[in-house]
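Hi everyone, thanks for coming. Let me put the sequence and the structure up on the screen, and then we can walk through them together.

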2 protein chains.
Amino acid sequence: MTMKLYGFWRSLASFRVRAALMYKGLAFDEIPIDLMRGVQHEPEYRAINPQSVLPALIVDDGAPLFESLAILEYLEETHPAPPLLPTDARGRARVRGLAMIVACDAHPLIVPRIRRYLEQEMHQDEPARNRWLSHWTREALVVLESHLSSERETGRFCHGDTPSMADICLASQVFAARFFKVDLSAMPRVQRVFDACMTIDAFDRAQPLKTAGAPSEPMH
Amino acid sequence: MTMKLYGFWRSLASFRVRAALMYKGLAFDEIPIDLMRGVQHEPEYRAINPQSVLPALIVDDGAPLFESLAILEYLEETHPAPPLLPTDARGRARVRGLAMIVACDAHPLIVPRIRRYLEQEMHQDEPARNRWLSHWTREALVVLESHLSSERETGRFCHGDTPSMADICLASQVFAARFFKVDLSAMPRVQRVFDACMTIDAFDRAQPLKTAGAPSEPMH
């Protein structure tokens, strides 16, 4: 069967899975779940993913896969070529660590449920919420810049000269930076790696604003 | 050389690495970095981990490893027995997904830098900050309970009858629940798996309140 990705143009975790699927040349259908209209909370989608978050990937008649990096690891194990992890354990640890700076420590802070809590429970106005979003988006990129600038494994991409899970995550975080108008001028290596990513056809086609349903201009 | 873990009794991500090291029977020295006194921001530790977060693991004369789940994957690849991941790709995806519900979507919301931002930038008083901490701590456990109760792979542990990365993460999240006085009575499977975890000597010895430097009672 063809794999089914539950995603949304605006979801950066969905971008990560979409980019990996396209990079590995895997066929899939994408079913949009409109995060802005709250469709992820409807019973139909909760039956797919009880956490009400994107993405989810259906690969067979078993339970859907969830959590973007867990899905990337699954795709890497079942469709190893082209690879998204280096072959050595130390290199794999570095790539996974860089990926998790984004996927664990930064992206979960800017998702819809957090913004809703800040607005509804903490009564933060829109400027305060936007400061939160750009602060944490920027923090992760500063840390990535620090790793990329000080570690000899950095190449054309985060780790050597071929793209990896770390590059997929870096690219997703740069998309967040664009949504929230974060200034990247002090992060030349992040910018350079992002530019290298966007020369890859799969990364380009997978990007939020080229995904079905996207507006011509991003909204906050 | 003996591995060196930069950790802290109160750091749940440090618990995850400590538990894996002990479970796999690996020798290591732990160097405490006092998160409550802000030692993670001092230049000496920033040179170890530019993100100023715990843990970091030194395994050789190369750069320190960072991000708890990336470190767990490294330990699994370099010291596969006893395993912390199942052997099938689908099972591994489920275990990693459950682990990431904690390590990506929940734990990063309750760490010191977030609390500091809520206090200093958003002027949230202590009760409001405590509501935030217990809300997100509980959310992840509710989602775990939903997976554990509905999926046939659940056994004595999160995935079958042997412990995995998912159990290490579940246990770390239950410790958070205790710190923040989250009521677990509606989560019988989470509690049962946690109890099973704590019968394992390594999990028991690794736990926050049995780690050097811990007080006899946890503080918020």
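This is a predicted model: local features need pLDDT of at least 70, side-chain atom pairs count only at pLDDT 80 or more; totals for chains, interfaces and linings use all residues.

Residues are numbered from 1 along each chain as its sequence is written, while chains are lettered from A and ligands numbered from 1 in the order in which they are written.

So, how can chain B be laid on chain A? A turn of 180 degrees with a shift of 0.0 Å along the axis does it, at an RMSD of 0.0 Å, superposing by least squares on C-alpha atoms of residues with pLDDT of at least 70 in both copies. That is the relation of a two-fold axis. Within chain B, the residue that comes closest to the rotation axis is C104(B), with its C-alpha at 1.9 Å.

Now the contacts, meaning C-beta atoms, placed from the backbone, that lie within 7 Å. Here 34 residues of chain B are in contact with 34 residues of chain A. On the chain B side, two or more residues each come from β4 (65-66), α3 (68-78), α4 (89-103) and α6 (126-150). These are DSSP runs numbered from the N terminus: helices are H or I with at least four residues, strands E with at least two. α4(B) gives the most, 9 residues. And 100% of the interface residues of chain B are also interface residues in chain A, so the copies meet through the same surface.

Next, the sheet. In chain B, an open sheet of 4 strands runs in the order β2-β1-β3-β4, with mixed pairing; strands pair if DSSP finds at least two bridges between them. β2 (28-32) and β4 of chain B stand at the edges with a single partner strand each, so one side of each has no neighbour in the sheet. Strands β1 (residues 3-7) and β3 (residues 56-58) of chain B run antiparallel, joined by 3 bridges, and K4(B) has I58(B) as its bridge partner.

Over in chain A, 5 bridges join β1 (residues 3-7) to β2 (residues 28-32), and these strands run parallel. One place to look is G7(A), which stands opposite P32(A).

Finally, A99(A) touches L69(A), M165(A), A166(A) and C169(A), leaving aside residues up to four places away in sequence. Thanks, everyone!

Technical notes
Two residues are in contact if their C-beta atoms, placed from the backbone, lie within 7 Å.
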